[in-house]
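Trainee: I would like to learn how to read a model of this kind. Please take the features one at a time.

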Amino acid sequence: MKPDKFTDRRHLIMAEDCKSFVINRSFEYYRKDRTQPSIIIPEGFETDGFTTGIFRFLIPNISRGFSASTIHDKLCSDFHKGLCSRKYADEVFYEALLETKVVGKFRAKILYLAVRLFAKVKGYK
C-alpha cells in the first residue's frame, strides 16, 4: 500500500505505555527541496509527539503539528542509528512545522532553537 501524504490526517493508536502513539498507516514527507530524498514514516513507528512540554504553549493545535513531531522523532531515531545527523533532523522538523502552518516563522524558530539546544546539551551534532 502506498504511504499517505504528509498532509493527510494521521492514523494513531495509543501505545501500551499510554505515553506514546503508534502510527498505523505509513506516511511520506517530501522535502521542500525536491532534490532531497523523501522521508517515510513506517506503519508501526512509535512516537511521543511533542516532548518539550515546556514549549507546548507555542503550539495552538498540537494535532496539526503531530506529523512534524513524528518526522522529527523518526529522524532522531535514525540519528541514533548513525543514518543522519541530529542537525538534519532538527532542520527537517523546522521545515515541516512551517509546511503544516501550525505555527508561524517566529514560533517555529523558537521550537527549532529548543531542539537544537537540547541536542547541544546532550552533546549531539
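Trainee: What pattern does the chain follow, read along the sequence?

Mentor: This is a predicted model, in which local features need pLDDT of at least 70, side-chain atom pairs count only at pLDDT 80 or more, and totals for chains, interfaces and linings use all residues. Residues are numbered from 1 along each chain as its sequence is written, and side-chain values use heavy atoms, with hydrogens and water left out. Helices (H or I, at least four residues) and strands (E, at least two) are DSSP runs, numbered from the N terminus. The pattern here is β-β-β-β-β-β-α-α-α, with six strands and three helices.

Trainee: How much of the chain is buried?

Mentor: Buried means under 20% relative accessible area, exposed over 50%, and partly exposed in between (1.4 Å probe, protein chains only). Of the 125 residues, 42% are buried. A68, in helix α1, is buried at 0% relative accessible area.

Trainee: Which residues have the most contacts inside the largest nonpolar core?

Mentor: In soluble globular proteins, nonpolar side chains tend to be buried together. A nonpolar core is a set of buried Ala, Val, Leu, Ile, Met, Phe, Trp, Tyr and Cys residues joined through side-chain atoms within 4.5 Å. The largest one has 25 residues, and I39, I41, I71, L75, F93 and L97 have the most contacts inside it. At least two residues of this core come from each of β4 (27-29), β5 (39-41), α1 (62-80), α2 (86-100) and α3 (105-122). Helix α2 gives the largest share, six residues.

Trainee: How many salt bridges are there?

Mentor: Side chains of opposite charge can pair when their charged atoms come close. A salt bridge is a side-chain nitrogen of Lys or Arg within 4 Å of a carboxyl oxygen of Asp or Glu. The count comes to five. One of them joins E95 and R31, with the closest N and O atoms 2.8 Å apart. E95 lies in helix α2 and R31 in the loop between β4 and β5, so this pair ties together parts 64 residues apart in sequence. Both E95 and R31 are buried.

Trainee: What separates K74 and D78 in helix α1?

Mentor: About one helical turn, because K74 and D78 are four residues apart in that helix. K74 and D78 form a salt bridge, their closest N and O atoms being 2.8 Å apart. K74 is buried at 15% relative accessible area, and D78 is buried at 12%.
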